[in-house]
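These are my notes from a first look through the model, kept in the order in which I looked things up. I began with the aromatic rings and went on to the packing around them.

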Amino acid sequence: MFRKILALFMALTILTCSAGLAATLDETQLKSKSCILMDAATGEVLYGRAADVRRSPASTTKIMTLLIAISKSDPDEIVTVPASAGQVPLDSSVVPVYPGEKMPMRDLWYGLIFKSGNDAANAIAELVSGSVDAFVDEMNDWAYKLGMQNTHFTNPHGYTDSEHYTTARDLAILTRYAMESDLFREITFSLSYTMQPTELRDALEIRHEYPITDYQSAYYYRYARGIKTGYTMKAGQCYVGSAQKDGRELIAVTLNCGTTKVDKWVDAKALFEYGFEKLSERDRNT
C-alpha cells in the first residue's frame, strides 16, 4: 500500500512538472543530449534538439534488426539457434538462447526486444541473411533506402563500435516506418510473452514492462507504448517510444539522456505531453 501511495505522489509531482513543460518545453529541463518528437502520421517534427548529431544508439539498434527479420522470415518457422548466438561480448545482455536450441523464429524476436538479447540478435542475423556480416550489410542498405542519412551499423545488436552510429532523427524515421507493420507493433507494444519450452529449458515467460508503461511506476504515462531502450557507457541512457492519445500518435527518441535510468522516462513523458498539447492547440486554432 505504501509503495502505491508513494508511486501516486511521485506520479502527480512529475505530471505537474510535465504540464509546465507542455507549454514551453524549456530545454534546460531536458536531460537528453539529443532528442526528437515526431508526429507518426505525418512525419512532422514537433520538437528536436541536436537531432542530427551522430551518437551511439546502443540496443535501439534492435529496432532495425527486428524490422528486417519481420520482413524476411516466418515467425512460426522452427529454427535452430546458430553458433553465432554464443559469439557476443561477455558483458552482453542475453535472453539467453543457446546454439543448437530449436524454437520458433518468433521467440527470438521477442527475446531480442524484451530481453534485449545480443545472442538473439546474432542468431536472427545469421538465420535471415546467412551470416552476421551479410545481415549488417542489409541493415545499412535499409538505412540508406529509408533516408537515414547519418546512420551506419556494424552489428545487429548495438554493442559499442566507433563506426556504429545513428541520430535521433534517423531513429524516428526508422521507427515510423517500422510501425507500419502490425507485427512490429504487436511485439514492441506487448508487456509479456511466453517462449516455448526447448530441450534445454522449460517454457520461459519474459516481460517488457518499462517504467513508462508500468501503471505501478512513478514514471508511468498511460498513453505510452513500447518500444526499445538502450544503454552502454558511450551511448548513455536511450529510449525510443510511442504514445497514442485522442487519435494521435507520437514518436519520441531520447539519446544519451542524463545520468540515471529514470531520466529518459521523464524526458520522454515531457516530450509526449508537449506534443499532444501542441497538436491540440493547433486543432483549436483551425
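**Aromatic rings.** I first found that ring pairs link Tyr221, Tyr223, Phe272 and Phe276 into a cluster, where rings of Phe, Tyr and Trp (its six-membered ring) pair if their centres lie within 6.5 Å, and planes under 30 degrees apart count as stacked, over 60 as edge-to-face and the rest as tilted. I noted that this is a predicted model, in which local features need pLDDT of at least 70 and side-chain atom pairs count only at pLDDT 80 or more, while totals for chains, interfaces and linings use all residues. Residues are numbered from 1 along each chain as its sequence is written, and side-chain values use heavy atoms, with hydrogens and water left out.

By the ring rule I count ten aromatic pairs. Tyr110 belongs to helix H3 (residues 105-114) and Tyr193 to strand S5 (residues 192-195), so the pair ties together parts 83 residues apart in sequence; helices (H or I, at least four residues) and strands (E, at least two) are DSSP runs, numbered from the N terminus. Both Tyr110 and Tyr193 are buried, that is, under 20% relative accessible area, with exposed meaning over 50% and partly exposed in between (1.4 Å probe, protein chains only).

For Tyr239 and Trp265 I read centres 4.8 Å apart and planes at 65°, so this pair is edge-to-face. Tyr239 lies in strand S8 and Trp265 in helix H8 (residues 263-284), so parts 26 residues apart in sequence are tied together. Both Tyr239 and Trp265 are buried.

**Nonpolar cores.** I then asked which residues of the largest nonpolar core touch the most other members. Of its 58 residues, they are Met64, Leu108, Trp109 and Val253; such a core is a set of buried Ala, Val, Leu, Ile, Met, Phe, Trp, Tyr and Cys residues joined through side-chain atoms within 4.5 Å. Leaving aside neighbours within four places in sequence, I found Met64 in contact (heavy atoms within 4.5 Å) with residues including Met139, Trp142 and Leu174. Apart from this core lies another, of 25 residues, with Tyr47, Ala218, Tyr219 and Tyr239 among them.

**Helix H6.** Last, I looked up helix H6 (residues 168-178), whose buried residues include Asp170, Leu171 and Leu174. The buried residues of H6 pack against elements including H2, helix H7 (182-189) and strand S9 (248-257).
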